[in-house]
There are 2 protein chains.
Amino acid sequence: MSEKRTEISEFGEFGLIDHLNEKVQIKNSSTLKGIGDDAAVIDAGDHVKVVTTDLLLEGVHFDLAYAPLPHVGFKAVAVNISDIAAMNAIPKQITVSIALSNRFSVEAVDAIYSGINAACEHYGVDLVGGDTTASRGGLIISITAIGEAKKEQVTYRSGAKVNDILCVTGDLGGALVGLQVLEREKQVFLANPDMKPDLEKYAIVSGRQLKPDARMDIIHEFRELGVVPTSMMDISDGLASEIFHISKASGVGATIYEDKLPIDKQTYDTAVELGIDPITCVLNGGEDYELLFTIDQKDFPKLEKHPDVHFIGHITKAEEGKFLVTKSGTAVQVKAQGWQHF
Amino acid sequence: MSEKRTEISEFGEFGLIDHLNEKVQIKNSSTLKGIGDDAAVIDAGDHVKVVTTDLLLEGVHFDLAYAPLPHVGFKAVAVNISDIAAMNAIPKQITVSIALSNRFSVEAVDAIYSGINAACEHYGVDLVGGDTTASRGGLIISITAIGEAKKEQVTYRSGAKVNDILCVTGDLGGALVGLQVLEREKQVFLANPDMKPDLEKYAIVSGRQLKPDARMDIIHEFRELGVVPTSMMDISDGLASEIFHISKASGVGATIYEDKLPIDKQTYDTAVELGIDPITCVLNGGEDYELLFTIDQKDFPKLEKHPDVHFIGHITKAEEGKFLVTKSGTAVQVKAQGWQHF
């Protein structure tokens with residue numbers, strides 16, 4: 001008897017997730033949104049709760065050769081808060097589960113939690129539960145974040161409409177470039193332990209990789225300005241990949257302009273130094289944790305002067321596809337890439 | 001310069017958790033209960049949400065040498081539902097994060113999810129989100145469960161009062177005895193792969209270990225009978241350990257009676273066969289996922305005839321301590337043990 005064996009790599013991460021989700025059925029009326037957005041949405045009477053979770057593994061998501069333990073703790077919280085932000089909600093609680101091998105001392109655990117507690121302070125969330133266990137391998141951190149919003153404030157990936165303006169916060173590509181620099185310095189150090197890595201020149205990009213900040217500042221500004229984006233998600237897998245998600249969920253197309261894409265000078269210069277195309281970093285670099293969102297044109301004046309919101313393009317009909325207009329005026333089809341862990 | 005290094009084993013699991021929790025501060029009014037019970041309690045206007053999470057690792061919490069993949073999936077959900085039950089709440093949603101090495105095929109992942117989906121069906125919960133990632137080691141499953149209750153229905157560990165009756169559901173010790181049998185058969189098989197393990201004789205105890213069922217049936221009966229326990233928790237670390245938790249949280253003592261402790265015949269016989277004291281299995285066996293709760297004496301008539309609720313003792317003043325009265329009438333001090341993963 002031969003049993004069929006299909007490799008996960010044949011499906012890829014998104015393919016596997018789609019495959020698993022096919023069998024999921026929603027039974028409870030309080031489940032307003034299940035799988036398929038940055039967070040689930042659960043009815044809570046006069047408001048909704050949004051819930052998201054992330055599982056981070058040493059050697060897959062972070063490398064303790066260069067990531068300081070407090071930064072690992074902070075980032076583990078921040079990436080979840082970023083998903084709550086992407087729903088236009090305010091984070092309130094997190095649970096933290098952690099698995100540790102005996103390689104870790106109590107002092108090391110304290111260092112991780114100093115970062116977790118700093119992030120709780122920074123984002124105003126309460127650490128309300130979790131699980132602590134032994135690991136036979138490396139460090140594992142699993143965090144669930146819970147946020148709140150009024151039902152009419154929640155933004156889904158599916159709300160983008162033709163002629164909406166595509167916006168991104170901050171700048172993109174820095175986290176990928178930072179990762180490349182850190183990996184390079186690690187190799188230099190491994191080859192010659194006397195070489196002291198000089199990261200000062202790369203402080204911005206390595207900071208983007210090691211200690212990203214979820215854009216809760218933007219969500220609070222949306223509240224103050226009375227803006228509710230028509231769609232939103234956070235940029236964790238790269239701009240191109242996220243544009244595909246919003247286009248698919250909303251049933252629309254998109255056109256973006258190369259000269260509108262925000263890139264930091266250090267990101268640009270370092271990408272060139274590393275021999276990577278800066279625009280590729282912007283389009284396909286992961287882990288920036290900035291926000292991609294669409295607004296109705298009527299809301300443009302409210303955000304027009306915002307120093308950290310960039311208007312990169314607009315939403316088109318689905319049949320018009322997804323295009324990047326280069327600086328020379330050529331329209332190039334956008335390809336999704338995203339991270340492939342498998 | 002010498003940096004201090006404290007081993008986690010010096011603290012133990014509970015010691016480490018206490019140490020980490022010292023620094024936690026609650027900032028949000030919607031956090032009704034943070035760390036320190038079976039689940040966190042979050043305000044949701046006219047009701048509350050309860051949230052719990054568990055992180056399960058291959059080689060620590062389950063052994064794929066004898067645990068079938070669908071059972072691993074089912075159990076991962078059930079242990080979280082058990083924590084929701086322990087708050088006297090009804091589970092509604094779960095998130096499932098999973099990390100897999102390339103040792104796992106898509107068919108293996110489907111087998112795990114067949115158990116997860118069966119548990120969702122069985123407990124009436126919706127799978128609303130999660131994370132899928134690569135693992136360099138074994139299988140990792142992290143589940144968060146969310147339940148609902150009216151505020152006045154929620155039961156905490158802290159509500160037990162002097163003269164309340166101590167109750168447990170089902171029978172105890174089976175999961176530990178089942179684990180011992182499975183470990184023994186694994187060793188026999190490793191020594192001689194031609195030996196086919198004969199588990200039929202041990203179907204009940206191995207089932208208790210491999211596929212525990214959270215006692216949601218009891219929670220639904222509480223609703224029908226109009227019973228709200230004064231305190232409750234699930235028995236995951238062993239009866240003795242849980243009695244310590246309830247005593248500490250409620251500021252009370254407890255007296256339990258050996259002849260009232262529920263033990264299944266197969267558990268008893270197998271413990272004797274394995275040379276383990278059956279009462280030790282009942283007191284210190286983990287993973288039974290039964291409920292330990294206290295009721296006011298006025299509620300006794302409502303549960304008196306229940307075939308699966310056992311009245312094992314009563315709550316005393318804190319200064320009277322925690323005692324087990326043996327069949328011969330001797331009062332023996334109860335010692336907490338619980339699981340020590342570290």
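**Exercise 1.** Work out how many residue pairs are in polar contact between chain A and chain B, and which parts of chain A touch chain B.

*Solution.* Start with the pairs: 40 residue pairs between chain A and chain B are in polar contact, both partners at pLDDT 80 or more. (A polar contact is a pair of N or O atoms within 3.5 Å; within protein, one must be able to donate a hydrogen and the other to accept it, and residues adjacent in sequence count only if both atoms are side-chain atoms.) Next, the elements: α1 (8-21), β2 (40-44), β3, β4 (90-100), α3 (106-123), β5 (126-134) and β6 (140-149) of chain A each supply at least two residues of the side touching chain B. β5(A) gives the most, with 9 residues. Helices (H or I, at least four residues) and strands (E, at least two) are DSSP runs, numbered from the N terminus.

This is a predicted model: local features need pLDDT of at least 70, side-chain atom pairs count only at pLDDT 80 or more, and totals for chains, interfaces and linings use all residues. Residues are numbered from 1 along each chain as its sequence is written, chains are lettered from A and ligands numbered from 1 in the order written, and side-chain values use heavy atoms, leaving out hydrogens and water.

**Exercise 2.** Find the salt bridges between the chains.

*Solution.* There are 4 between chain A and chain B, a salt bridge being a side-chain nitrogen of Lys or Arg within 4 Å of a carboxyl oxygen of Asp or Glu. One of them pairs A:Asp110 with B:Lys23, closest N and O atoms 3.4 Å apart.

**Exercise 3.** Is A:Glu287 buried or exposed?

*Solution.* First place A:Glu287: the loop between α9 (278-284) and β10 (290-295) of chain A. A:Glu287 counts as buried because its relative accessibility is 15% (buried is under 20% relative accessible area, exposed over 50%, partly exposed in between; 1.4 Å probe, protein chains only). Its side chain makes a polar contact with that of A:Lys75 (3.0 Å).
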